[in-house]
Amino acid sequence: MLSRRRLLHNSLYSAAGLTLSRGVPALAQAQMANPTPFRSGIRLAPYVDPLPVPPVLRGKPGETLDVEMRQFHQKVHRDLPPTTLWGYNGSWPGPTIEAQSDQPLSINWTSKLPTTHLLPIDHSIHGAGADLPSVRNVAHLHGACTLPDDDGYPDAWFTASGQHGSKFNPRPSAYPNCQPSTTLWYHDHCLGITRLNIYAGLSGFYLIRDEFEKSLNLPSGEYEIPLMLQDRLFHHDGSLYYPKVVNGPKEHPIWVQELYGDYNCVNGKVTPFLEVEPRKYRFRILNGANSRFYHLRLFTSDAKGKILNESFDVPAFNQIGTDGGLLPEPLELRYLLISPAERFDIVIDFSDYAGKSFSLINDAPAPYNMGGQFVPAEVMLFKVTKPLSGKDTSSLPDTLAPFEMLDPTHAVKDRQLLVSEIERPSDGYVITGLLGNARWHDPITEDPKAGTTEIWSFINTTADVHPLHVHLVQFQVLNRQPFNVQVYQQTGKLIFTGLPMAPESNERPARKDTIKSYPGYVTRIIQRFDLPHGTPTTPGQEFLYVWHCHILEHEDNEMMRPYKVIA
Ligand code: C2O
Ligand code: CU
Ligand code: CU
């Protein structure tokens, strides 16, 4: 028998994961896949455009920044006409906003977007009715500790002309930044159309910095580069293509279960290249895709990006941080498995590789991890062709940030939360996803007390891995344990078929806000529900947040739940 560690490892990134043979009926697996792979039918040469780096917007402490959503045109590939997109301050990705720990910043989010949507809306989706303005937006800062009014609640949407949803907050959003240095991101969060708004371009990085991180002397300035990974489909004329389901369910005639593009974009460019110096670089990798998981490796390539199979000497990924901040120590990894919304902060040392090129290749099956959809392999190309501009004085320290483990014996609750899907009775086609066996508008069931610690156990009876995200908190992963899915579905009893397995090395110890919930496993996290430091509260006061699957097609179609923290 394989070691526990190995067992999980196998199921993590091999298409024929062990999890699938364990209790999920073969039929259910087949039915999950979208009927036909999405292809745009265009052919674009990889690695012909340089990687763009989004502009930086630095906030002074206490300042209010203006960020406006606009429609604009951007070249996404040398051989495509400009693409019509939506973006914060008119770029895709939007500006990288930089803040300092414990120094509040406010953002006045405004819109100049047109009144017609760029992409097809399925009005049968809850909260996306034809009676509502079709262009509605609200920005959310993912991974941030904020008050509900500033968190971008899905009903807090507004339009360019001043219409708004029930939870709209007319004031600029206040971000206290009361958390250690980390890589956050902001994106649209409007009820029922988040997938379309983000696909249109509404996403950007938000970095929190602090003195401690500075003292580590990590690569910085032009040697620190954010990489936003997103897959897209384009038409020949350069326009964005978001497919509609042919013969889709009557219930949701054009909703697609998951969106998979046939081109990977990094920072809004199709498979770009980056020329680097032979030295250390820090990359903040974000999976900003709607549905695609990335399983990334570097391959030695020629200058055009053709993989040279004779050399396997490639630099390692040194992971130094994740969703909520720095890890206790760097992890030397050969591959990275990144689900939608996760962030991997890494250092790559190109010192020994002057003159070489490395392609960044993805081979994660889509849907993850049973496949069925097209997987575009090329992500980007690193070319170590720039001369060293000066001695590399940056460091990759052996130890990074101290980490405080949450103690499971302090948890006041263990909530069992089902991750499931509803199938159309006639043929088993999945028409909706559910969390806790409830829909968005069902009464709130998760109501932790402020300052208390809880364990949440996600019981995944589907055939997919779902990246689950909880607003407000940075949580910790405890373990994953396999169970008999059929018995659970028939009787509601949890019969474990194995011991709890340790999380991956980069999942614990680590501050996480998004976690992969594996099919046939109970995935357990522990979290303390602290409101922003110094929030004045009255006993019984309620603070409303959400938790959801970060596959955007699922999030839009009921796989999202409100929850409240009670003071
Ligand atoms: Cu990335 Cu609820 O968000
Ligand atoms: Cu979030
Ligand atoms: Cu999901």
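What share of the contacts in the protein chain with a separation of 6 or more comes from residues 24 or more positions apart? The share is 79%. Welcome to this structure, which is a predicted model.

**The chain as a whole**

- The protein chain is built with seven helices and 31 strands.
- For 567 residues, a compact globule would have a radius of gyration near 24 Å, and the value of 22 Å for the protein chain agrees with that.
- The C-alpha trace spans about 60 × 55 × 50 Å along its principal axes.
- Of the 567 residues in the protein chain, 62% are buried.

**The copper ion written as ligand 3**

- This copper ion (ligand 3) is coordinated by H466 through ND1, C549 through SG and H554 through ND1, at 2.0 to 2.1 Å.
- H466 belongs to strand β26 (residues 466–470) and H554 to helix α7 (residues 552–556), so to speak a pair linking distant parts of the chain, 88 residues apart.
- The spacing of the donor residues in sequence is H-x82-C-x4-H.
- H466 counts as buried because its relative accessibility is 0%, under the 20% limit.
- H554 has a relative accessible area of 5%, so this residue is buried too.

**The copper ion written as ligand 2**

- H140 and H469 coordinate the copper ion (ligand 2), each through NE2, at 1.9 to 2.0 Å.
- H140 sits in strand β6 (residues 139–142) and H469 in strand β26, so the pair ties together parts of the chain that are 329 residues apart in sequence.
- Both of these residues, H140 and H469, are buried.

**A look at K493**

- You can find K493 in the loop between α6 (485–491) and β28 (514–517).
- Is K493 buried or exposed? K493 is exposed, because its relative accessible area of 52% is over the 50% limit.
- Setting aside neighbours within four places in sequence, K493 is in contact with V487 and Y488.
- F483 is ten residues from K493 along the chain, and their C-alpha atoms are separated by 9.6 Å.

How values were computed: Residues numbered from 1 in each chain as written. Chains lettered and ligands numbered in written order. Predicted model: local features only at pLDDT ≥ 70, side-chain atom pairs only at ≥ 80, totals over all residues. Heavy atoms only, no water. Helix = DSSP H or I, 4+ residues; strand = E, 2+ residues; numbered from the N terminus. Rg over C-alpha atoms; globule rule 2.2 N^0.38 Å. Buried < 20%, exposed > 50% of the residue type's maximum accessible area, 1.4 Å probe, protein only. Contact = heavy atoms within 4.5 Å. Donors = N, O, S within 2.8 Å, 3.2 Å for Na, K, Ca; no water.
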